[in-house]
Amino acid sequence: MKKLLNTLFVSTQGAYLSKEGECAVIKIDKVEKVRLPLHMLDGIICFGQITCSPFLMGHCAANGVTVTFLTEYGKFLCQVQGPTKGNILLRRAQYRQADNYLQSAMLARSFVIGKIGNSRVTLARALRDHPDKIDCEKMHYAQQLLAGCIKKLGNETDQERIRGIEGEAARIYFEVFDQCITSSDPLFCFNGRNRRPPVDRVNCLLSFLYTLVTHDIRSALESCGLDPAAGFLHKDRPGRPSLALDMLEEFRSYIADRMALSLINRGQIHANDFTVSATGAVLMKDDARKTLLTAYQKRKQDEIEHPFIREKMAVGLIWHMQAMLLARYIRGDIDIYPPFVWR
């Protein structure tokens, strides 16, 4: 099992990263602020106007430390990584399955089952924790509809119908998502999913968290020798990590949605932690972003028992385990890919 290492998030604008010995050094206005051993890092994520020396990027690429560049507000720009890892035979098998309509549909169905199952668990948790603050009847009905969506998937092998059921389930889930927000601040009202750019505070949090989880899943797939760009649920598109987005479906609700709800409901993130641009786009301020990143790193250290293999592991290792299970399925070592569904 892969060791859970740290991800270095750099969000202070104007920061400069360089390599000194075996350490990554961060300087701001030519003053050293942080020095970290590179062997302790799994990845470096730079937000906005961050500069990295070529020597640091080369050393990271050679030693498996992925360097990712995002805009200041979390939109993916590019990634620097070393030579492709893994067995060419595994990737050939992956491409063959992605080109096979039936096999591709079976995997797409598994990802969607994982997504819907975890969405139901998130609603159930809200019912358990805040029965006096939410419309219980509405939430129970939404859970029943989501269960119906899982039943509809059954042995479905039509990719378009699978995507249609996924879209129906997402609509049902987000129609009641506002019930899970117990904050009295009206600026945290949720009226549906929007993005590119997000136009409210809740969607801003969700989009940012989805980007973080996608980054980690992409690294996990690479470490197992899989191609993050060759997906089964999401169609191929140049520059899009389709397989990482496939696997993200299993973790949207369990990791990102629940973390966004916790930050809002516990008062760790406030309405004034955001700004609204002239175009209506909602942006997170630096302090709020740092609060979120700290909470995300802490969440990845929590330990749970994996529901399929029945072993305890850190949350930050779950996508590595799912990537390993997916690789085993593609090789033919196991009969079915078991999506991650928390109970």
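**Reading the model**

Modeller: Let us begin with Gln322, which, leaving aside its neighbours within four places in sequence, is in contact with Met247, Glu250, Phe251, His306, Tyr337, Pro338, Pro339 and Phe340. Contact means heavy atoms within 4.5 Å. Residues are numbered from 1 along each chain as its sequence is written, and side-chain values use heavy atoms, with hydrogens and water left out. This is a predicted model, in which local features need pLDDT of at least 70 and side-chain atom pairs count only at pLDDT 80 or more, while totals for chains, interfaces and linings use all residues.

Colleague: Where does Gln322 lie, and is Gln322 buried or exposed?

Modeller: Buried means under 20% relative accessible area, exposed over 50%, and partly exposed in between, with a 1.4 Å probe and protein chains only. Gln322 has a relative accessible area of 0%, so it is buried. Gln322 lies in helix H9. Helices (H or I, at least four residues) and strands (E, at least two) are DSSP runs, numbered from the N terminus.

Colleague: How many helices and strands does the protein have, and what percentage of the residues count as buried?

Modeller: There are nine helices and 12 strands. Of the 343 residues, 53% count as buried.

Colleague: How is the radius of gyration read?

Modeller: The radius of gyration is taken over C-alpha atoms, and the globule rule is 2.2 Å times the number of residues to the power 0.38. For 343 residues, a compact globule would have a value near 20 Å, and the 20 Å of this protein agrees. Its C-alpha atoms fill a box of roughly 60 × 55 × 40 Å along the principal axes.

Colleague: How does one describe two aromatic rings?

Modeller: A pair of aromatic rings is described by the distance of the centres and the angle of the planes. Rings of Phe, Tyr and Trp (its six-membered ring) pair if their centres lie within 6.5 Å; planes under 30 degrees apart count as stacked, over 60 as edge-to-face and the rest as tilted. The structure holds 14 aromatic pairs. One of them joins Tyr173 and Phe177, and this pair is tilted, at 5.6 Å centre to centre with 55 degrees between the planes. Tyr173 counts as buried at 3% relative accessibility, and Phe177 is buried at 1%.

Colleague: Why do Phe251 and Phe340 count as stacked?

Modeller: Their ring centres are 5.5 Å apart and their planes stand at 20 degrees, so the pair is stacked. Phe251 lies in helix H7 (residues 242–265) and Phe340 in the segment after helix H9 (318–331), so the pair ties together parts that are 89 residues apart in sequence. Phe251 is buried, with a relative accessible area of 0%; Phe340 is buried, also with 0%. Phe251, Tyr254, Trp319, Phe340 and Trp342 form one aromatic cluster.

Colleague: Which residues does Leu187 contact, leaving aside its neighbours within four places in sequence?

Modeller: Leu187 is in contact with Arg201 and Ala271, those neighbours left aside. Leu187 lies in the loop between helix H5 (159–176) and helix H6 (201–223), and counts as partly exposed at 44% relative accessibility.

Colleague: Is Glu303 buried or exposed?

Modeller: Glu303 is exposed, with a relative accessible area of 57%. Glu303 lies in strand S11 (residues 303–305). Not counting residues up to four places away in sequence, Glu303 touches Lys312, Met313 and Ala314.
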